[in-house]
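Here is a short briefing on helix packing and charged pairs. Please have the sequence and the model open as you read.

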Amino acid sequence: MTEPLPPTLGLLLAGGLARRMGGGDKPLRTIAGRTILAHVIERLAPQCDGLLVNANGDPARFADYGLPVVGDSVPDFAGPLAGILAGLDWLAANRPGIDWMVSVAADTPFIPRDLVARLHAARLAAGVPLACAASGGWTHPVIGLWPVSLREALRHALTVEDERKIDRWTARHGVASAQWATEPVDPFFNANRPEDLAEAERLHVRLGIA
């Protein structure tokens with residue numbers, strides 16, 4: 001009998017500037033008649049003990065999803081680590097019984113349905129506090145598992161050291177990698193450009209996986 005997963009909050013990172021998409025909110029673009037964010041929520045919600053959106057600007061644009069929205073506490077678009085810190089701070093303040101958070105890019109419509117379980121398994125097997133996803137020979141540092149216990153170390157790195165690279169920071173503390181196959185589709189495919197939206201539509205129709 002497998003051990004139950006520790007309670008884990010899901011953080012949807014939607015705070016990017018979307019320059020390659022021409023600006024605006026990438027997660028609110030549509031694939032197969034639904035927003036990318038709706039696809040991500042449908043896949044991630046069953047794996048988590050609640051979801052949280054990280055986005056800057058007016059939170060009302062995400063009101064239809066009924067999820068809490070938290071902005072970065074570190075100014076000037078400090079990157080995904082700032083969103084992760086904002087999520088960990090929200091978790092510590094609002095859900096003190098949960099010690100873990102999984103982060104996903106909110107523009108990854110095919111996120112795996114076993115993401116949280118496999119990230120926990122990877123960090124347990126390696127005996128380290130952090131885990132991230134990998135596929136096709138690439139790691140995806142933004143798709144990761146984070147313990148609340150490291151949030152002050154992360155705050156120091158961001159605000160004192162001006163650290164912005166996720167993989168450089170995780171390497172300090174120990175990070176495991178969980179591997180996924182890229183067939184029939186890379187589950188970490190993300191819609192960065194308009195042509196990616198078209199490709200996601202084709203994948204949805206061809207494979208019926210979205």
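Is Asp-25 buried or exposed? Asp-25 has 18% relative accessibility, so it counts as buried. Here buried means under 20% relative accessible area, exposed means over 50%, and partly exposed lies in between (1.4 Å probe, protein chains only).

This is a predicted model, in which local features need pLDDT of at least 70, side-chain atom pairs count only at pLDDT 80 or more, and totals for chains, interfaces and linings use all residues. Residues are numbered from 1 along each chain as its sequence is written, and side-chain values use heavy atoms, with hydrogens and water left out.

**Asp-25 and its partner**

- Asp-25 forms a salt bridge with Arg-61, and their closest N and O atoms are 2.6 Å apart.
- Asp-25 lies in the loop between strand E1 (8–13) and strand E2 (30–31), and Arg-61 in the loop between strand E4 (51–54) and strand E5 (69–70), so the pair ties together parts that are 36 residues apart in sequence.
- Arg-61 is partly exposed, at 29% relative accessible area.
- A salt bridge here puts a side-chain nitrogen of Lys or Arg within 4 Å of a carboxyl oxygen of Asp or Glu.
- Helices (H or I, at least four residues) and strands (E, at least two) are DSSP runs, numbered from the N terminus.

**Helix H4**

- H4 spans residues 151–159, and Leu-154, Ala-157 and Leu-158 are buried in it.
- Seen down the axis of H4, the buried residues fall within an arc of 95°, so they line one face of the helix.
- That arc is taken from the directions from the helix axis to the C-beta atoms.
- An α-helix has 3.6 residues a turn, so residues three or four places apart point the same way.
- The cover over the buried residues of H4 includes helix H2 (80–94) and helix H5 (166–173), with contact meaning heavy atoms within 4.5 Å.

- Glu-152 and Arg-151 form a salt bridge, with the closest N and O atoms 3.8 Å apart.
- Glu-152 is partly exposed at 44% relative accessibility, and Arg-151 is partly exposed at 21%.
- A network of salt bridges links Asp-89, Arg-151, Glu-152 and Arg-155.
- Arg-172 and Glu-161 meet through their side chains in a salt bridge of 2.4 Å, N to O.
- Arg-172 lies in helix H5 and Glu-161 in the loop between H4 and H5, so this pair ties together parts that are eleven residues apart in sequence.
- Arg-172 is partly exposed at 43% relative accessibility, and Glu-161 is partly exposed at 37%.

**Overall count**

- The whole structure holds 13 salt bridges.
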